[in-house]
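Hi,

Here is the structure I promised to pass on to you. Have a look at it first, and then read my notes below.

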Amino acid sequence: MFLFITIMFFIFRLMPGNPIGLILEQYNLTPEAAQRLIHLWGLDKPVWQQYLIYIKNLLKGDMGISYVYNAPVSSVIFSRKLLNTLALLISAHGMALLIGMILGVWAAWRRGTPIDIGTLVTALVLYTIPVFWLGLMLLMMFAVHVHWFPLSGTITPARSYKDILQYIGDYLWHLTLPMISITLIRLGGDFLIMRNTMINVVREDYITTAIAKGLPEKIVVWKHAARNALLPIVTMAGLDMAFVVSGAVLTETVFGWDGIGKLTYEAAINRDYPVLQGLFFILVVVVLLANFLTDLMYAYLDPRVRY
Amino acid sequence: MSGDVSRPGLRKGGIIEKTKEFWRVYSRIRVGKIGLVLLLIYVVMAVFAPWIAPYNPRAILVGKHFEPPSWKHPLGTDEMGRDILSEVIYGARTSLLVGILAALLTMVIGTAIGIASGYIGGITDDLLMRLTDLFLVIPGLPFIIVLSVILGASIWNIILVIALIAWPGTARLVRSETLSLKERMFVHASRVAGASDFYIMVHHILPNVLPIVSATMVLNVTRAIILEAGLSFLGLGDPTAISWGTMLYFADKEGAMLSPNPYYIIAPGVALMGIGLAFVFISYALDEVVNPKLRQRR
C-alpha cells in the first residue's frame with residue numbers, strides 16, 4: 001500500500017506539461033499571482049520535499065488541493081460525484097449479477113437445448129461489445145431517434161422540483177441508459193461463469209440424490225444446485241473491481257454522468273495530480289476492501305472455509 | 001490443473017506431428033472454426049487494405065459531409081467527407097497490431113516472472129508475487145490513461161502500457177503451473193544429470209507452460225483490442241493511426257448521432273465486436289484442446 005502511494009506520487013510528477021502553465025493560459029494570471037500559486041501548492045520545493053509533505057498530510061487525512069477545482073481533493077472526490085458513481089455502479093452490477101445468475105442457472109439446467117445455445121451466443125456477443133459503443137448506440141436509439149431518455153447529465157439542468165419524489169424521478173430517468181449499458185456488458189460474463197459452475201454442480205452426486213428423493217425440480221435447482229454454484233461468481237464480482245472502474249470511466253464519459261470515472265479522465269487531461277493521487281488512493285482502497293469482503297462472503301457461502 | 005495427464009503440448013514427436021494432432025482436436029470444435037474464419041477475414045482486411053479499400057481512408061471530401069450510405073460509399077462518409085468503409089478496413093491494421101503485440105508482450109513478461117517466481121522460490125518468489133499483487137489492484141483503464149498522458153500517444157506506447165497492466169494474470173497462472181512442473185520426474189532427472197537452473201527453466205518448464213499460456217494469450221488479445229479502442233475513444237489514441245476507437249471519438253464529438261449517417265457510429269463498433277468474437281471463439285476452442293478434462297465434459 002505504502003509502496004503504491006510512493007510509486008503513484010513519482011509517476012504523477014513525471015507527467016509532462018506544467019499544470020501551472022495550463023492554468024495561466026486559462027485565467028491570464030499575472031506572473032506574481034502565478035508565483036504565489038506555485039508557492040501555495042509547494043511546487044517550488046524539491047520533489048523529495050514535496051513527497052515528504054504529501055505523506056505527512058496524507059496521514060492526517062489531507063490529500064492536498066486540486067489545481068483545477070481549487071478546493072481540497074477530499075471535497076472534490078467525496079461529493080455528489082462519488083454518490084453518482086455509486087448509484088450507477090451498484091444498480092448496474094446488482095442487476096447484472098441477479099439476471100446473470102438466474103439466466104445462468106436456468107440455461108445450465110436446460111443444457112444443450114436451443115434456448116441454452118441461444119442465450120450462450122448472446123452472452124458471448126455481449127461479452128465482446130465495447131461498453132462505450134453500446135452506450136453510443138443506446139443514446140442514438142433512445143435519446144436521438146425517439147426522445148425517451150435524456151442525452152447526458154444526471155438531472156435536467158435549471159429545473160425546479162415540486163418535491164423530492166420528482167427529483168428522484170428525474171435522476172432515475174437520467175440513470176436508466178448508462179445503467180442499462182453497464183448491466184448488459186456485465187451480464188455476458190456473469191452469465192457465463194454461473195452457467196459453467198452450474199453445469200459442474202448439476203453433475204454432483206447430491207443433486208442426483210435430491211432428484212431421486214422425488215423433490216420438486218424447483219427446489220433441487222434453487223436450494224441445492226444454485227446455492228453451491230454461487231462461490232465463483234461472488235469471487236469474480238469481488239476480484240473484478242479493478243475492471244469495474246475502467247467501465248465506469250468510459251460509460252460516464254459517454255453519458256456525461258458527473259461521477260468519479262469522468263473526474264479521473266478530466267484530471268488526467270488537466271494534469272491535476274493531487275486529484276489523481278487522491279483518486280488512485282481511494283480506488284486502491286476500494287479494490288482491497290472489495291477483496292476482503294469477497295473473502296468474508298466466501299466463508300459465509302462455503303462453511304468449509306474458515307479463517 | 002496438474003497431475004500426470006499427458007497434454008498434446010507435452011514433448012513427443014516432431015513439430016509437424018504435434019501440429020497435426022492439435023488440428024485434429026481443434027477442427028472438431030465448430031465454434032473454433034467459426035472463430036478462425038472470422039479472424040481470417042480481419043487478417044485479410046488488414047494485410048490487403050490498400051487493395052480492398054475503395055478509397056484512401058485519409059483523403060478528405062471524396063464525398064460530401066455525413067453522406068448516408070450509397071453505392072459509391074457503402075457506409076457513407078464522415079464529418080470530413082472521408083469514406084467510412086475504407087477507414088474501417090484500415091482500422092483492422094491498428095487493432096490487430098495492438099492486440100497481438102500487446103498480448104505477446106504480456107505473455108513474455110508474465111511467463112518470465114511466473115517461471116522465475118515459481119521455480120526459484122524463496123525471497124525472489126515473495127518479491128515477485130508482492131509486485132504482481134500490487135499490479136493486480138491497480139485499476140486498469142485509469143492507470144493506462146495516466147501513463148499514456150505521460151508517455152504521449154503513439155501505438156508503441158499504447159502496446160507497452162497495456163502489457164504493463166495485463167501481465168499479472170499470466171504470471172499467477174504460470175507460477176502455479178511451474179510449481180507443479182518442478183516436482184515432476186523429468187525435471188528432477190534433468191537436475192541430477194547436472195542441468196543448470198536456467199537450462200531447466202528454458203528447456204523443460206517453458207515448453208510445458210506454453211500451451212496453457214497461449215490459450216490465455218488469445219483472450220489477452222481481445223482485452224488489448226478493447227482497451228486500445230477505449231483509450232482512443234477518449235481521444236488518447238495515436239492521432240496518426242486509423243483506429244476504430246478514434247473513429248468513434250470523432251463520431252461522438254462531431255455529432256454523428258444527429259447526422260444523416262448513423263453508420264459512422266455503427267460500423268466501427270460492429271468491427272470491434274466481430275474481432276472480439278473471433279478471439280473469444282478461438283480461445284474457447286483452444287481451452288478445450290489444452291485441457292483434456294474440459295473435452296471429456298461435453
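From the N terminus on, chain B runs α-α-α-α-α-α-α-α-α-α-α-α, which makes twelve helices and zero strands. Helices (H or I, at least four residues) and strands (E, at least two) are DSSP runs, numbered from the N terminus.

Please keep in mind that this is a predicted model, where local features need pLDDT of at least 70, side-chain atom pairs count only at pLDDT 80 or more, and totals for chains, interfaces and linings use all residues. Residues are numbered from 1 along each chain as written, chains are lettered from A and ligands numbered from 1 in the order written, and side-chain values use heavy atoms, without hydrogens or water.

The C-alpha trace of chain B spans about 75 × 45 × 30 Å along its principal axes. Of the 298 residues in chain B, 54% are buried (under 20% relative accessible area; exposed is over 50%, partly exposed in between; 1.4 Å probe, protein chains only). Among contacts (heavy atoms within 4.5 Å) with a separation of 6 or more, 71% join residues 24 or more positions apart.

B:Trp51 sits in helix H3 of chain B and counts as exposed because its relative accessible area is 70%. Helix H2 (30-47) and helix H3 (49-52) of chain B each supply at least two residues of the nonpolar patch, and H2(B) gives the most, with four residues.

Enjoy exploring!
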